[in-house]
Amino acid sequence: MLTLQGRTMVITGGAGNNGLAIVRSVIEQGMNVAFFSSSLKKGQGAVDALEPEYRAHAVGLSADESGYDAALAAVAARFGSVDVLVNAAGPHESFPLEDTDEARYDGNQRLLKTAFFTVRHALPYLERSRAARIINLTTAEGRQGGWRPAAAQACARGGLISLTYALARELGSRGITANCVCIAPIEGDVPAHDTLPDAERARLTAMTPLGRLGEPRDIVSAVEFLASEESAFVTGAVIDVSGGLVMG
């Protein structure tokens, strides 16, 4: 049994099915969770998407570069600590190189900026935790360039992996671990406009050694382990949860 009871997780971008699957599972094991979003409406919307029995252990807050400190102070006041930070925010949009203008490029890079500043502002709280954890969720684009034209997304997702390594080295002496979970396409966690066509799904399935695409529940166990006190000697790691689509 992993030690999660009484710990508090802050998750950015957790309103999709992947994030909600993580949140439901860790709450069941005794954690409290704060959703950080770009607006209070989005953050509260993530809480509202949970079943009633989970909502007493969750809060939705608005956080950006000017609002992190207030949001984190509210989490500490409500739950008593900030122990785990999960950076799960990020766009699904992918564009070929010739269709990527500066606005689309900057939209992808926002996920890296959000992760960086969330960590920076959360640092004083993480330093007070007896088992502080940073977990960055990235995708196949950042590991091997991905499976479709998506150079701008690859830049940002790859940057998240490099940030993980840098944080692991810089913060290890303070007892804070930093790790990354790299996921392949997940059924049911993409917006409607980005749903895979049947032919693309078949191609991806054929490329995946385990013979299927991922589901939100596949990510949960990896995140729970990295969030637990038992993962104390794991830092700077990238765990591929991709059915073998991503290797190395």
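**Helix α5 and its neighbours**

Helix α4 (residues 68-79) packs against α5 at an angle of about 50 degrees, and the two axes lie 10 Å apart. Here helices (H or I, at least four residues) and strands (E, at least two) are DSSP runs, numbered from the N terminus; axes are lines fitted to C-alpha atoms, for helices over the stretch in contact, with angles running from 0 to 180 degrees between N-to-C directions. This is a predicted model, in which local features need pLDDT of at least 70 and side-chain atom pairs count only at pLDDT 80 or more, while totals for chains, interfaces and linings use all residues. Residues are numbered from 1 along each chain as its sequence is written, and side-chain values use heavy atoms, leaving out hydrogens and water.

α4 and α5 are therefore oblique to each other (under 35 degrees is roughly parallel, over 145 roughly antiparallel, 65 to 115 roughly perpendicular, and the rest oblique). The crossing of α4 and α5 is right-handed, meaning that the near helix is turned clockwise from the far one by less than a right angle. On the α4 side, Y68, D69, L72, A73 and A76 meet T114, F117, T118, H121, A122 and Y125 of α5, contact being heavy atoms within 4.5 Å.

Helix α5 (residues 102-126) also packs with helix α7 (residues 151-171), this time at about 15 degrees and with axes 7 Å apart. That angle makes α5 roughly parallel to α7. Their crossing is right-handed. Among the contact residues are L111, A115, F116, V119 and L123 of α5 and L160, L163, L167 and L171 of α7.

Several of these residues turn up again in the second largest pocket, lined by F116, V119, R120, L123, L163, A166, L167, E170, L171 and R174. α5 and α7 are the elements that give two or more residues to this lining, and α7 brings the largest share, 5 residues. The pocket holds about 180 Å³ of space. A pocket is an open set of points on a 1 Å grid over the protein atoms alone, with protein on both sides within 12 Å along at least five of seven lines; a cavity is a set where a 1.4 Å probe fits but cannot get out, and lining residues have an atom within 4 Å of a point.

The structure holds 1 cavity of 30 Å³ or more. T12, N87, A88, A89, L111, T114, A115, L137 and L160 line the largest cavity, with α5 giving the largest share, 3 residues.

Technical notes:
Points joined across faces, edges and corners; volume = space filled by probe spheres on them.
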